[in-house]
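Subject: A structure for you to look at

Hello,

Here is the structure I promised to pass on. Please open it beside this email and follow along as you read.

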Amino acid sequence: MKSISGVVPIVPTPFAPGDEAIDAAALRGLVDFAVDAEAAAICLPAYGSEFYKLTEPERLEVVEVAVDQAGGRLPVMAQCNHGSALGAAQLARQNADIGAEVISFALPRQFPLTDDDQFDYARTVCDAVATPVLIQDWNPSGGSVGADYCAKLADVCPNFRYIKLEEPRMGPKVRAIIEATGGRVEVFEGWGGLYMLELVPTGIVGIMPGLALTDRLAPAWRLAVAGHAAEALAAFEPLVPWLAFGLSDMEFFNALEKRLLAARGLLQHPTLRNPTVTIDADSLAYADFLIGQLLKTA
């Protein structure tokens, strides 16, 4: 398939208030928003989809709904996170059978595994499917894999096409990965897209933020890629306070993401599954202030 480049939002899982059941109709609406916002692809169920609160059948269900609703209008990346390589490989095969164009998974960071351990895990999952693979390495407690790891894995798993990294000041690492793999592995920046303008010149192919600001991030991305740095900054700058505030904690980010989607009329109710974070009144007040500013500048 053609290389994916641009804004690839993480689609949250909508839940009904009360019983917290998956709201498939609302999920379809979010997919339509991503299409209208000119997303390059969508990804789910990832950390920003509360995958860690879904049963395995539900994780397949949301991908199936997304693939059906996308209807070929944009690619669907199916995230297959699992604590075991065996479990992740099984989810990968099932999601490929559903119709996901890209298989994605996060390297397991619950325990301090070596790069060799992480290599064996990734190879097992990559070998399970023929589809292109994106590997996410989000490691809040330490460093992420680098150029040597990517080159070694790409040599034995040619379907390893993308890596998503989430750390600050990673320009040299992006350049090193591209050089070491001869461009076979392309780099996406996560972390809400906060480092986008810093990293476009280093060769990243896209960002993987939350969904709620896709229609604002996509134009900024296009301006940056076209070399219009000042114009890209002007488009991106109003989004930065929101991104920086929400990224203080993953569950906090998910709560704010759904709150903004609801304020924009894109989600009927910002329900998260329990357990979830209880947000203090001061933080909620500031979040609502920022949402008001975003709505004014839309």
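A word on the ground rules. This is a predicted model, in which local features need pLDDT of at least 70 and side-chain atom pairs count only at pLDDT 80 or more, while totals for chains, interfaces and linings use all residues. Residues are numbered from 1 along each chain as its sequence is written, and side-chain values use heavy atoms, leaving out hydrogens and water.

Helices here are DSSP runs of H or I with at least four residues, numbered from the N terminus. Two packed helices are described by the angle between their axes and the distance between the axes. The axes are lines fitted to C-alpha atoms over the stretch in contact, and the angles run from 0 to 180 degrees between N-to-C directions.

Start with helix α2 (residues 56–70) and helix α3 (residues 85–98), whose axes come within 10 Å and cross at roughly 25 degrees. The pair therefore counts as roughly parallel (angles under 35 degrees; over 145 is roughly antiparallel, 65 to 115 roughly perpendicular and the rest oblique). On the α2 side, the contact (heavy atoms within 4.5 Å) is made by Glu56, Arg59, Leu60, Val63, Glu64 and Val67, and on the α3 side by Leu91, Gln94, Asn95 and Ile98.

Now find helix α8 (residues 214–225) and helix α9 (residues 229–236), which pack at about 165 degrees with axes 8 Å apart. They are therefore roughly antiparallel to each other. Leu217, Ala220, Leu223 and Ala224 of α8 meet Glu231, Ala232, Ala235 and Phe236 of α9.

What about the interior? The largest nonpolar core has 92 residues, and Phe105, Ile135, Phe160, Ile163 and Trp242 touch the most other members. Such a core is a set of buried Ala, Val, Leu, Ile, Met, Phe, Trp, Tyr and Cys residues joined through side-chain atoms within 4.5 Å. Leaving aside neighbours within four places in sequence, Ile163 is in contact with Ile135, Val145, Cys150, Ile177, Val185, Glu186, Val187 and Phe188. A second, separate core of 13 residues includes Ile4, Ala46, Met77 and Leu134.

Finally, look at Ala244 in helix α10 (residues 240–246). Its relative accessibility is 44%, so Ala244 counts as partly exposed (between buried, under 20% relative accessible area, and exposed, over 50%, with a 1.4 Å probe and protein chains only). Ala244 and Leu194 are 50 residues apart in sequence and 7.4 Å apart in space, C-alpha to C-alpha.

Happy exploring!

Notes
Helix = DSSP H or I, 4+ residues; strand = E, 2+ residues; numbered from the N terminus.
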